[in-house]
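User: Hi! Could you help me learn how to read salt bridges in a structure?

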Amino acid sequence: MVLVNTDYISGKNLGMLGLVKGSTVQCKHFGKDIGAGFKNLVGGEMKAYTEMMDEAREIATQRMIAEAESMGADAVVNVRYATSAIIQGAAEVIVYGTAVKYV
């Protein structure tokens with residue numbers, strides 16, 4: 001599956017199939033949350049949260065791809081990611097784009 005953040009794929013004519021999306025809400029367990037709180041006091045990267053967000057983006061992306069494949073898509077164009085805090089220590093990641101078929 002080809003994923004691009006542009007509205008075209010060089011050398012391909014595209015037929016639009018529709019909007020596809022994937023999302024997930026992720027959180028870290030209490031122990032890592034406490035560790036991240038200490039990091040907030042002294043500064044530096046909160047590696048547990050970086051890992052959490054990387055994992056969340058991957059899950060959301062795979063869900064979007066599955067939706068596109070179920071529509072018979074060859075690619076997804078205009079791919080965009082968004083995040084939002086749900087509660088302290090938990091975040092939602094959503095990825096969306098337009099499923100297309102090569103014509």
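User: What separates Arg57 and Asp54 in helix 2?

Analyst: Arg57 and Asp54 are 3 residues apart in helix 2, so about one helical turn separates them. Helices (H or I, at least four residues) and strands (E, at least two) are DSSP runs, numbered from the N terminus. This is a predicted model: local features need pLDDT of at least 70 and side-chain atom pairs pLDDT 80 or more, while totals for chains, interfaces and linings use all residues. Residues are numbered from 1 along each chain as its sequence is written, and side-chain values use heavy atoms, leaving out hydrogens and water.

User: Which side chains meet in a salt bridge at 2.5 Å, N to O?

Analyst: First, the general idea: side chains of opposite charge can pair when their charged atoms come close. The criterion is a side-chain nitrogen of Lys or Arg within 4 Å of a carboxyl oxygen of Asp or Glu. Here, Arg57 and Asp54 meet in this way, at 2.5 Å from N to O.

User: How many salt bridges does a search of the whole structure find?

Analyst: The search finds 3. One of them joins Glu67 and Lys21 (3.5 Å, N to O). Glu67 lies in helix 2 (residues 47–70) and Lys21 in strand 2 (residues 14–27), so this pair ties together parts 46 residues apart in sequence. Asp74 forms a salt bridge with Lys101, with the closest N and O atoms 3.8 Å apart.
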